[in-house]
Amino acid sequence: MAKNTMTMVVPVDSAHRLDEGRLLSYLQTHVKGFLPPPASLKISQFGHGQSNPTYLLQVELNRCVQRYVLRKKPPGQILQSAHAIEREYQVLFALGEGKTKVPVPCVYCLCTDSTVIGTPFYVMEHLEGRLFVDATLPGMDPKERRAIYGEMARVLAAIHAADVDAIGLSRYGRKDNYCKRQVERWTAQYHQSTGKGKPDPDPNMLEVIQWLRENIPAEDGTAGSKTGIVHGDYRLDNLIFHPSEPRVIGVLDWELSTLGNQMSDAAYNCLPYVIDSDELPGKNIGFSKQLVDGIPSLPEYVAEYCSAADVSWPANTWNFYTVLSLFRYAAICAGVFLRMLQGNASGGKRAEDAGKMALFFAATALRLAKRGPILPPRPPSASLELPARSTGPDSSSQNLLGFAPSARVQELRKRLISFMERHIYPSENELNDLMYSNARWTIHPTEERLKKLAKSEGLWNLWIPADSAALASDLMSETEKAMRSKDSADRLVGAGLSNLEYAHLCEILGRSMWAPQILNCNAPDTGNMEVLLRYGNSEQQRKWLRPLLEGEIRSGFAMTEPNVASSDATNIECSMVREGDEYIINGHKWWTSGAMDPRCQLLIVMGKTNPNAAMHKQQSMILVDINTPGVKIVRPLLVFGFDDAPHGHAEVKFENVRVPVTNLLLGEGRGFEIAQGRLGPGRLHHCMRLVGAAERGMDSMVKRATQRKAFGKTLSQQGSFAHMLAKSRLDIEQTRLLVLNAAHQLDLYGNKVAKGAIAMAKVAAPNAALRVLDNAIQVHGGGGVSSDFPLSHLWASARTLRLADGPDEVHLGTIAKLELQRVSKL
Ligand SMILES: Cc1cc2nc3c(=O)[nH]c(=O)nc-3n(C[C@H](O)[C@H](O)[C@H](O)COP(=O)(O)OP(=O)(O)OC[C@H]3O[C@@H](n4cnc5c(N)ncnc54)[C@H](O)[C@@H]3O)c2cc1C
């Protein structure tokens with residue numbers, strides 16, 4: 001919730017007391033309009049962590065009340081160039097009083113005479129408004145959240161647009177080589193805050209410093225169009241908003257302001273997007289794993305800023321600026337921590353956490369330094385802007401050429417195709433032989449060998465989206481990271497791809513029934529890993545996610561039930577009743593894919609914890625060890641005769657299964673919420689693979705048709721073949737574009753907004769793949785329906801996807817609903 005600035009004051013901390021008499025008489029002579037003697041002065045202190053102690057001065061005389069804010073340097077020994085009160089005053093004076101569009105409080109006096117209250121200070125206007133200390137804006141309407149973020153981006157652009165020559169700030173700092181100087185300045189300050197007799201230097205921090213020095217963007221060297229005023233600490237909680245409107249009335253805390261490279265300011269402002277609040281000790285300054293409704297995604301927010309500031313899209317340099325910001329944060333925290341140890345930091349509890357925060361920011365910085373691009377290659381396109389995108393699907397305006405794979409993805413694609421040709425296709429017969437034998441519920445050593453090979457070739461866990469890769473990387477302790485080679489640690493968390501990038505690779509995997517599991521990209525494990533990444537607590541992640549990421553175990557997702565229409569998950573009957581520290585689960589499930597696999601250890605079970613709650617709050621998800629007494633695997637189900645061994649699709653009964661309450665995911669009644677998060681990317685992965693399955697059908701069809709002769713001509717020379725072939729190509733191309741578009745929307749806007757595009761892909765992909773595979777089967781004659789070719793198995797699998805993860809009708813319903821909404825708004 002917002003805090004009113006008046007309610008944020010506390011009694012003055014004993015270490016920060018002021019000589020009230022001296023202060024009062026100083027102000028009476030130096031502040032124009034200040035109430036004369038015998039006015040009384042009441043002083044309180046702002047409690048919201050300030051590195052420079054900040055006070056509310058309330059002056060009263062004959063019922064006339066004036067309020068001012070005083071800011072001073074902290075007492076005691078402080079780092080050189082930190083707590084620059086004089087500079088704060090200078091910049092506020094220059095920007096204020098209508099000289100620029102930047103809203104700032106008026107400043108009334110600067111006192112550099114330390115004898116008055118012990119340190120220099122300045123006095124400014126007291127602004128009454130709202131201050132948002134939690135970046136997720138809890139309890140607020142999504143529209144207002146959006147407006148507040150839009151305003152924050154525009155005010156930052158206004159700061160960056162200020163003409164420093166016109167307002168007398170041309171000598172406020174050097175514009176060129178800003179980042180280079182920042183790296184050196186904060187490195188020096190960090191070294192002053194650590195070392196002999198102080199906390200030990202953090203090895204992560206030293207590695208980050210090295211990386212930053214080696215990756216300074218070329219644009220930093222010049223005083224170009226992106227240079228000018230840099231606020232230095234531009235965050236939501238340094239902005240005072242109007243009491244009721246989403247309008248900034250004052251930008252505060254200019255202590256770190258200077259002239260320089262403004263993109264670094266924008267990246268600093270976006271740190272909540274890369275900081276996971278759940279993992280951050282002591283302070284809620286980042287977003288947790290899922291964005292709150294209304295808050296723009298990172299690309300949207302950056303696009304808003306770029307458009308307001310009229311600067312180009314910073315995809316290539318954004319990682320650097322983000323890492324620099326985190327590094328600077330870490331260095332500041334290390335300084336605060338040292339001051340706390342020396343006993344003179346303001347901020348109380350916040351300062352106590354500073355040591356932990358310094359380590360956290362350095363680790364986050366290092367992780368981001370090593371991962372792929374944070375921003376997509378292009379900004380969200382104009383056709384997808386907010387007002388239009390919620391009105392429903394409109395693919396006609398998409399820039400379809402924009403879906404071409406980047407150079408990095410092309411390189412990965414090449415390696416993946418080579419892996420498929422060298423290892424997967426040649427092993428298919430061998431793996432199939434075991435699948436059709438009596439020993440089919442065992443694991444073929446070739447599968448495990450190929451898994452190792454895929455891992456060693458960096459083709460492992462490619463499905464993990466860039467944002468989740470960051471979460472996954474955090475799973476490994478520092479010791480583990482040190483024990484692994486750098487490469488193997490990186491490979492465990494994938495290649496940091498966007499959904500759109502992964503689509504180009506996942507399609508290749510879909511060409512073989514075996515490839516997804518060999519590269520640890522198979523359903524339902526990917527969806528389950530995603531659930532654990534986003535919603536699991538650290539203990540759940542340690543126990544289950546780690547081995548899943550390693551490919552050591554497998555998992556199942558048990559939602560569908562034979563006795564109810566499960567395409568409507570509110571029908572689910574499985575009960576989960578809490579008794580003391582346990583839930584008792586009773587239910588009957590089927591189509592629990594993966595549960596037959598001898599490596600399967602974990603089932604994520606959906607059931608009802610409270611049948612009396614609101615419709616979508618009755619269900620919860622819980623982690624169940626498959627070996628828990630009462631879990632009964634009844635039988636493997638057959639898909640047109642295929643049992644998909646050793647993976648399998650099981651009918652499972654849960655009879656008085658007792659599971660510790662700590663196995664619950666996210667909380668009681670949050671099953672639907674998790675299902676939403678799980679199904680978006682998972683559904684699309686199916687679609688991506690289906691495009692690949694259709695391509696394989698196409699290849700086989702053409703090969704067969706050009707080699708086999710009937711009635712004196714090759715099949716390809718028969719009249720009917722040309723149309724069949726052409727229509728198949730049309731099917732594939734149309735579907736691929738739908739799938740890529742859905743992946744792109746998912747990257748930009750998340751599941752909720754992308755649901756129309758995902759629904760279209762989910763209907764189109766299995767139907768298109770079925771038509772193409774059916775044509776391929778036709779061309780193969782009797783061989784096509786046999787198991788001698790992969791076509792029948794690919795077809796059977798594609799057919800299930802008109803049902804699994806929601807039947808066609810449900811997705812068609814979503815598309816139609818969005819279309820009706822769109823038209824109703826015309
Ligand atoms: C191979 C395979 C693997 C699977 N893996 C898993 C798994 O791992 N975990 C899991 O929990 N489930 C899994 N499923 C189950 C799958 O998700 C469900 O079968 C699917 O959600 C449909 O539910 P249902 O079978 O109960 O069909 P029902 O809900 O009974 O629906 C039957 C039919 O009713 C029609 N229908 C439904 N809703 C509408 C509507 N709104 N409008 C018009 N018609 C409608 C559709 O034609 C639908 O096919 C798998 C299924 C298969 C075939």
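Analyst: In this predicted model, the ligand lies between domain 2 (407–672) and domain 3 (674–824), because both of these domains give residues to the shell around it. Two elements of secondary structure each supply at least two residues of that shell, namely strand S15 (582–593) and helix H24 (808–824). Sorted by class, the shell is made up of ten nonpolar residues, six polar residues and two charged ones.

Of the 18 residues around the ligand, those that come nearest are Phe557, Thr560, Ser566, Ser567 and Trp591. For three of these, a close pair of atoms can be described in detail. Thr560 brings a polar side-chain atom to 2.6 Å from a nitrogen atom of the ligand, whereas Phe557 takes part through its backbone, with an N or O atom 2.7 Å from a nitrogen atom of the ligand. Ser566 also takes part through a backbone N or O atom, which lies 2.8 Å from an oxygen atom of the ligand. Taken on its own, the ligand has 990 Å² of accessible area, and the protein covers 68% of this.

The stretch of residues 381–400, however, has a pLDDT below 50, although in the model it has 29 contacts beyond near neighbours in sequence. Where pLDDT is low, the predicted coordinates should not be read in detail. The scores for the model are ipTM 0.98 and pTM 0.62.

Turning to the backbone, a few local features deserve a careful look. Most peptide bonds are trans, and most residues other than glycine have a negative phi. The bond from Pro37 to Pro38 is cis, with omega near 5°, and Pro38 is found in the loop between helix H1 (20–30) and strand S3 (40–46). The bond from Ala523 to Pro524 is likewise cis, with omega near 0°, and Pro524 lies in the loop that joins helix H17 (515–518) to helix H18 (525–535). Asn461, although it is not a glycine, has a positive phi of about 55°, and this residue is placed in the loop between helix H12 (445–456) and helix H13 (466–474).

Note on methods. Residues are numbered from 1 along each chain as its sequence is written. This is a predicted model: local features need pLDDT of at least 70, side-chain atom pairs count only at pLDDT 80 or more; totals for chains, interfaces and linings use all residues. Side-chain values use heavy atoms; hydrogens and water are left out. A residue is near a molecule or strand if one of its heavy atoms lies within 4 Å of it. A polar contact is a pair of N or O atoms within 3.5 Å; within protein, one must be able to donate a hydrogen and the other to accept it, and residues adjacent in sequence count only if both atoms are side-chain atoms. Accessible areas come from the Shrake-Rupley method with a 1.4 Å probe; for residues, only the protein chains shown count as cover. Helices (H or I, at least four residues) and strands (E, at least two) are DSSP runs, numbered from the N terminus. Ala, Val, Leu, Ile, Met, Phe, Trp, Tyr, Cys and Pro count as nonpolar, Asp, Glu, Lys and Arg as charged, and the others, Gly among them, as polar. Domain bounds come from an automatic or database domain assignment. pLDDT is the predictor's confidence in each residue, from 0 to 100. Contact means heavy atoms within 4.5 Å.
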